[in-house]
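This report walks through selected features of one protein model. Please look over the sequence and structure before reading on.

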Amino acid sequence: QVQLVESGGGLVQAGGSLRLSCAASGIISSINVMGWYRQAPENQRELVAHVSKGGRTNSADSVKGRFTISRDNAKNTVTLQMSSLKPDDTAVYYCYANLKLLGSSFYRDYWGQGTQVTVSS
């Protein structure tokens with residue numbers, strides 16, 4: 001019914017940049033929040049950043065000033081521009097969207113399959 005397809009992960013040296021993109025498709029009525037979580041080995045999944053339909057953003061302290069999240073409501077896409085990357089940013093990054101399907105009264109979270117980001121020192 002809904003797919004979140006991520007792209008843009010990869011290997012980069014410390015100090016470099018990467019851009020992650022995610023597109024939501026399916027029988028979608030409305031998307032509330034879109035964003036990114038990440039999970040490093042042996043760690044819990046943690047919020048990186050998210051953006052509301054109105055454009056309000058929130059991000060983890062660890063990425064403030066380095067990562068920028070943006071969203072295109074018309075295309076149902078969310079982008080994470082990551083700069084000044086550090087080895088600690090190495091993780092699988094998951095796109096998510098809190099959305100409502102056509103004909104539904106409820107919002108629920110949907111997740112992408114994840115994309116690996118590896119930052120070498």
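Is Tyr-37 buried, partly exposed or exposed? Tyr-37 is partly exposed, at 22% relative accessible area. Buried means under 20% relative accessible area, exposed means over 50%, and partly exposed lies in between (1.4 Å probe, protein chains only).

## Basis

The model is predicted: local features need pLDDT of at least 70, side-chain atom pairs count only at pLDDT 80 or more, and totals for chains, interfaces and linings use all residues. Residues are numbered from 1 along each chain as its sequence is written, and side-chain values use heavy atoms, with hydrogens and water left out.

## Aromatic cluster

Three aromatic pairs occur in the structure. Rings of Phe, Tyr and Trp (its six-membered ring) pair if their centres lie within 6.5 Å; planes under 30 degrees apart count as stacked, over 60 as edge-to-face and the rest as tilted. One of the pairs is Tyr-37 with Tyr-96, edge-to-face, 5.2 Å centre to centre and 75° between the planes. Tyr-37 lies in strand β4 (residues 28–39) and Tyr-96 in strand β9, so this pair ties together parts 59 residues apart in sequence. Strands (E, at least two residues) are DSSP runs, numbered from the N terminus. Tyr-96 is buried, at 7%.

Tyr-37 also pairs edge-to-face with Trp-111, at 5.2 Å centre to centre and 70° between the planes. Trp-111 lies in strand β10 (residues 107–111), so the pair with Tyr-37 in β4 joins parts 74 residues apart in sequence. Trp-111 is partly exposed, with 37% relative accessibility. Ring pairs link Tyr-37, Tyr-96 and Trp-111 into a cluster.

## Charges over rings

The charged end of Arg-45 sits over the ring of Trp-111, 4.8 Å from its centre. Arg-108 places its charged end over the ring of Tyr-110, 4.2 Å from the centre. The criterion is NZ of Lys or CZ of Arg within 6 Å of the ring centre and within 35 degrees of the ring normal.

## Ala-91

Ala-91 is found in strand β9 (residues 91–101). Ala-91 is buried, at 2%. Its C-alpha is 4.2 Å from that of Ala-40, 51 residues away in sequence. Beyond four places in sequence, Ala-91 touches Arg-38, Gln-39, Ala-40, Thr-115, Gln-116 and Val-117. Contact means heavy atoms within 4.5 Å.

## Open sheet

Four strands form an open antiparallel sheet, in the order β1-β3-β8-β7. Edge strands β1 (2–7) and β7 (67–72) each have a single partner, so one side of each lacks a neighbour in the sheet. Two strands pair if DSSP finds at least two bridges between them. Six bridges join β3 (residues 18–26) to β8 (residues 77–82). Ala-23 stands opposite Thr-77 in β8.
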